[in-house]
Amino acid sequence: MFKFANLSKVFGTNGFARLNSTSAVASATKVDWRPPRAVWLENMDSLEPQHTGIMELDSSIFGAAPRIDIVHQNIEWQRKYRFVSFAHTKTRNEVRGGGRKPWPQKGLGRARHGSIRSPLWRGGGIAHGPRSPTTHFYMLPFFNRVLGLVSTMSIKLAQDDLHIVKDLNIPTEDPQYLKDLIAARFWGPSVLFVDTSDILPKNIAISAENIAHVNLMPTYGLNVYSMLKHNTVVLTESAVRDVEKKLLEHLNRNDARAQMTKFRYDK
């Protein structure tokens with residue numbers, strides 16, 4: 001009787017097991033099995049590397065499975081959306097000459113022609129040729145752009161080409177110090193420094209101005225093409241948090257369907 005009473009608490013009258021509310025909520029909660037990525041927080045005030053701490057990065061941004069196809073789509077989009085072709089050919093109406101009929105329509109046994117500037121003639125107009133200016137602009141879908149940034153961040157970190165520093169303050173504005181710093185840290189030859197604002201510290205702004213393979217960029221301008229163009233990407237601690245916040249917001253937004261609508265020029 002005691003055993004039957006205990007079983008009646010677990011099984012209902014229909015024979016199915018009941019689950020209490022605590023276990024149901026726990027099973028419904030999504031658990032991220034990927035641990036956060038841990039990276040060193042480095043310095044820039046000396047040539048010798050000093051690890052000042054450890055930062056934990058979100059694995060959904062910096063540890064995602066890379067989508068090479070989406071990265072390629074982003075590169076092709078950035079190459080083409082601002083490209084304008086100026087290739088131009090003349091039609092039969094624009095070519096000089098050919099105003100009269102070269103010979104009579106009938107009587108000579110020759111093929112009938114109305115102008116020597118027809119596309120059939122040498123030196124004539126071009127049919128269906130390129131006309132300038134021709135724009136190659138198109139807009140890549142929103143989430144393809146977001147996943148392109150996520151994949152590129154993960155690729156750079158996996159290849160040890162992404163480093164995080166406390167800030168971009170360097171002790172001198174001499175360009176040689178920045179070159180020596182890049183050589184000592186094995187960051188080169190091309191480096192992209194990223195900060196939250198477009199108003200950067202004076203010393204690094206002056207020293208990087210005359211170095212062709214070193215560029216500075218704010219977080220709102222970060223893109224796939226620029227990150228892949230440079231061998232190393234160096235972000236400040238605040239820039240990493242800013243990028244994480246924005247990308248996580250886009251990956252988990254609840255108006256995804258509205259973002260996937262076709263692009264309109266009058267937006």
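**Exercise 1. Count the helices and strands of the chain, and state how much of the chain is buried.**

Step 1. The chain has ten helices and eight strands. Helices (H or I, at least four residues) and strands (E, at least two) are DSSP runs, numbered from the N terminus.

Step 2. The model is predicted: local features need pLDDT of at least 70, side-chain atom pairs count only at pLDDT 80 or more, and totals for chains, interfaces and linings use all residues. Residues are numbered from 1 along each chain as its sequence is written, and side-chain values use heavy atoms, with hydrogens and water left out.

Step 3. Of the 267 residues in the chain, 33% are buried. Buried means under 20% relative accessible area, exposed over 50%, and partly exposed in between (1.4 Å probe, protein chains only).

Step 4. The accessible surface of the chain is about 17,700 Å², and carbon and sulfur atoms hold 56% of this area. Such areas come from the Shrake-Rupley method with a 1.4 Å probe; for residues, only the protein chains shown count as cover.

Step 5. Among contacts (heavy atoms within 4.5 Å) with a separation of 6 or more, 72% join residues 24 or more positions apart.

**Exercise 2. Describe the largest nonpolar core and say which elements build it.**

Step 1. Start with the term. A nonpolar core is a set of buried Ala, Val, Leu, Ile, Met, Phe, Trp, Tyr and Cys residues joined through side-chain atoms within 4.5 Å. In soluble globular proteins, nonpolar side chains tend to be buried together.

Step 2. The largest core has 26 residues, and those with the most contacts inside it are Leu57, Phe62, Met153, Ile164, Leu222 and Leu235.

Step 3. Elements that give two or more residues to this core include the strands β1 (37-42), β2 (53-57), β5 (162-165), β6 (191-195) and β8 (232-236). The largest share, six residues, comes from α5.

Step 4. Take Phe62 as an example. Beyond its neighbours within four places in sequence, Phe62 is in contact with Arg37, Leu57, Met153, Ser154, Leu157, Leu162, Val240 and Glu244.

Step 5. A second, separate core has 17 residues, among them Ile182, Phe193, Ile211 and Val214.

**Exercise 3. Find the strands that pair with β8, and decide whether its faces are covered or open.**

Step 1. Two strands pair if DSSP finds at least two bridges between them. β5 and β8 pair in the parallel sense over four bridges. One of the bridge partners is Thr236 in β8, which faces Val165 in this sense of pairing.

Step 2. β6 and β8 also pair in the parallel sense, over four bridges. Here Val194 has Leu235 of β8 as its bridge partner.

Step 3. Five of the five residues of β8 are buried. Thr232, Val234 and Thr236 lie on one side and Val233 and Leu235 on the other, and both faces are covered.

**Exercise 4. Classify the ring pair of Phe142 and Phe143, then look at the charge over Trp103.**

Step 1. A pair of aromatic rings is described by the distance of the centres and the angle of the planes. Rings of Phe, Tyr and Trp (its six-membered ring) pair if their centres lie within 6.5 Å; planes under 30 degrees apart count as stacked, over 60 as edge-to-face and the rest as tilted.

Step 2. The whole structure holds five aromatic pairs. The centres of Phe142 and Phe143 are 5.0 Å apart and their planes stand at 85 degrees, so this pair is edge-to-face. Phe142 and Phe143 are both buried.

Step 3. A charge sits over a ring if NZ of Lys or CZ of Arg is within 6 Å of the ring centre and within 35 degrees of the ring normal. The charged end of Arg110 sits over the ring of Trp103, 3.8 Å from the ring centre.
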